Amino acid sequence: MKAKYRVLREQGKKCPRCKTQMQVRTHLEITSKQLRQAYYYEKWYRCMNESCLTTQVNPPEFKVMNPKQQRKKQDWEEIQRQNSFLQSI
Ligand SMILES: [Zn+2]
């Protein structure tokens with residue numbers, strides 16, 4: 001399977017559990033899968049210590065919120081439809 005991430009740095013922050021320096025990874029590309037979610041993580045940490053229970057750390061500073069403009073537009077159109085329906089009664 002093709003890797004979906006790219007290693008940015010071999011040694012980033014220390015793992016909160018085992019204190020090993022974690023790998024910093026990022027997406028190879030942002031796909032519709034990420035954009036469908038309310039948010040996604042631009043980067044994340046990966047603990048490379050095989051005996052550690054912590055595998056991935058998603059820090060809030062790497063969180064990216066997806067814009068909701070499209071949804072707002074749809075909501076507005078729905079309100080317009082309801083208004084014109086009420087006026088036609
Ligand atoms: Zn660890």
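Reader: Which two strands meet over 2 bridges, and in what sense do they pair?

Author: Those are β4 and strand β5 (residues 56-57), which pair in the antiparallel sense. In general, two strands pair if DSSP finds at least two bridges between them. Strands are DSSP runs of E with at least two residues, helices are runs of H or I with at least four, and both are numbered from the N terminus. A word on the model: it is predicted, so local features need pLDDT of at least 70 and side-chain atom pairs count only at pLDDT 80 or more, while totals for chains, interfaces and linings use all residues. Residues are numbered from 1 along each chain as its sequence is written.

Reader: Thanks! Which residue is the bridge partner of Tyr45 in β5?

Author: That partner is Val57. Tyr45 also stands opposite Val24, where β4 (residues 43-46) meets strand β2 (residues 23-27) in an antiparallel pairing of 4 bridges.

Reader: What is the order of the strands in the open sheet?

Author: Read it as β1-β2-β4-β5, 4 strands with antiparallel pairing. The edges are β1 (5-9) and β5, each of which pairs on one side only. Between β1 and β2 there are 4 bridges, and there Tyr5 stands opposite His27.

Reader: How many helices and strands does the chain have?

Author: You will find 2 helices and 6 strands. Walking from the N terminus, the elements run β-β-α-β-β-β-β-α.

Reader: Which residues form the largest nonpolar core?

Author: First, the idea: a nonpolar core is a set of buried Ala, Val, Leu, Ile, Met, Phe, Trp, Tyr and Cys residues joined through C-beta atoms within 7 Å. A residue is buried if 20 or more other C-beta atoms lie within 10 Å of its own, exposed if 12 or fewer, and partly exposed in between, with C-beta atoms placed from the backbone. Here the largest core has 6 residues: Cys15, Met22, Tyr41, Trp44, Tyr45 and Cys47. Across the chain, buried residues make up 8% of the 89 residues.

Reader: What is Met22 in contact with, leaving aside its neighbours within four places in sequence?

Author: Contact means that the C-beta atoms of two residues, placed from the backbone, lie within 7 Å. For Met22 the list includes Cys15, Tyr45 and Cys47, along with Gly12 and Val57.

Reader: And Pro60: why does it count as exposed?

Author: Pro60 counts as exposed because it has 7 C-beta neighbours inside 10 Å. Its place is in the loop between β5 and β6 (63-65). From Trp44, Pro60 is 16 residues away in sequence and 9.6 Å away in space, C-alpha to C-alpha.
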